[in-house]
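Here's a quick tour of some charged pairs and packing. Have the model open while you read.

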Amino acid sequence: GLTAIADHMFENCKRLTTVNFNGNSLTSIGSYSFNNCPALTNIILPNSVTIIKDRAFKSCTLLQEVTLPIGLETIGEEAFIDCHVLASIAIPNNVKSIENGAFVRCVALPSIDIPNNSHFTILNKDVFYGCSTITSVDIPNNVTHIDNRAFDSCVNLTTVTIPENVTTIGNGAFYKSNLNTVTIPSTVTSIGDNAFDNCNNL
């Protein structure tokens, strides 16, 4: 069976509304493969998929629901950028990397379901930038580095739990969020410029 959705395969398919995959041979969703599919509303990926490549679902502006497979290991750079009505996302336990800007401006996303024993150690740059509906985040225990602008412009983010393993909080990590309290663990050795700038409730 099909093992990969090629790069750009369904890009700019304006009337594509749903995608169903049969079987368990598919392992890779290619870069830009569903970029700018403005009618796509939901997608269920088979459990065999291990990688969603860069910008695979960029600007799928009606995409409400994505079921991420349990075998998923990598979510590519800006994979879901500008999915403006994406209402829920559950990060599977096997994910080892969520790349830069994966969920930029997913403005309808109220929360992020991340298992506390997740394998990834870095919350990469811009990963939840501009996710303006998120109100709280529990950062998984294995995370050591919250990179630049990870939660920048999350204007309704009021509470965040930073685990004891975190050593670095990057530039603008929580810039312009709505945090009203924050506890910095003793393990943190570096806090970047503007990390909590414009957090007017702190």
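Contact here means heavy atoms within 4.5 Å. By that rule, Ala 90 touches Leu 68 and Asp 113, not counting residues up to four places away in sequence. This is a predicted model, where local features need pLDDT of at least 70, side-chain atom pairs count only at pLDDT 80 or more, and totals for chains, interfaces and linings use all residues. Residues are numbered from 1 along each chain as its sequence is written, and side-chain values use heavy atoms, with hydrogens and water left out.

Now for the salt bridges (a side-chain nitrogen of Lys or Arg within 4 Å of a carboxyl oxygen of Asp or Glu). A search of the whole structure turns up five, including these:

| Pair | N to O distance |
|---|---|
| Arg 55 and Glu 77 | 3.1 Å |
| Arg 55 and Glu 78 | 2.9 Å |
| Arg 105 and Asp 82 | 2.7 Å |

How exposed are the partners? Buried means under 20% relative accessible area, exposed over 50%, and partly exposed in between (1.4 Å probe, protein chains only). Arg 55 is buried at 16%, while Glu 77 is partly exposed at 27% and Glu 78 is partly exposed at 21%. In the other pair, Arg 105 is partly exposed at 34%, whereas Asp 82 is buried at 13%. Shared partners join Arg 55, Glu 77 and Glu 78 into one salt-bridge network.

Back to Ala 90: its relative accessibility is 38%, so Ala 90 counts as partly exposed. Ala 90 sits 15 Å from Leu 123, C-alpha to C-alpha, and 33 residues away in sequence. Leu 123 is in turn among the contacts of Ile 146, as are Phe 151 and Phe 174.
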